[in-house]
Amino acid sequence: MENHTLTHEFPEYEVKIRNLKASDETFKKLYVNYEEVNALIAHYEDGGENHTTDEHLTDLRKKRVHLKDEIYAVLNRH
């Protein structure tokens, strides 16, 4: 399984991510949503107890990319 944590995806923004999580409620919600989607994907990819369809997994991956794009935009604005 690939590592898709935000600090792995954007290591150059590690401090900014930590600061925004603490100070920006909108960013914190995006971050939490990203981490939840990422954890679900990891669970399904690892062959977790609950299985899902390929379509659902693809939708989750698309959502993760969309969230990552939104987060990147916020990181570049601050």
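Helices (H or I, at least four residues) are DSSP runs, numbered from the N terminus. The model is predicted: local features need pLDDT of at least 70, side-chain atom pairs count only at pLDDT 80 or more, and totals for chains, interfaces and linings use all residues. Residues are numbered from 1 along each chain as its sequence is written, and side-chain values use heavy atoms, with hydrogens and water left out.

Helix H3 covers residues 25-45. Its 21 residues reach 30 Å from first to last C-alpha, close to the 30 Å expected at 1.5 Å a residue (1.5 Å times one less than the number of residues). Asp24 caps the N-terminal end, with a side-chain oxygen 3.0 Å from the backbone nitrogen of Thr26. Just after H3, Gly47 adopts a positive phi of about 75°.

Phe27, Leu30, Tyr31, Tyr34, Val37, Asn38, Ile41 and Ala42 of H3 are buried (under 20% relative accessible area, 1.4 Å probe, protein chains only). Seen down the helix axis, the buried residues of H3 fall within an arc of 140°, so they line one face. The arc is taken over directions from the axis to the C-beta atoms. On the other side, Glu25 and Lys29 are exposed (over 50%). The buried residues of H3 pack against H1 (6-9), H2 (14-23) and H4 (54-77).

The largest nonpolar core has 17 residues. Such a core joins buried Ala, Val, Leu, Ile, Met, Phe, Trp, Tyr and Cys residues through side-chain atoms within 4.5 Å. Leu6, Phe10, Ile17, Phe27, Ile71 and Leu75 have the most contacts inside it. H2, H3 and H4 each give two or more residues to this core. Leu6 touches Ile17, Tyr31, Tyr34, Glu35 and Ile71, not counting residues up to four places away in sequence (contact: heavy atoms within 4.5 Å).

Technical notes. A polar contact is a pair of N or O atoms within 3.5 Å; within protein, one must be able to donate a hydrogen and the other to accept it, and residues adjacent in sequence count only if both atoms are side-chain atoms.
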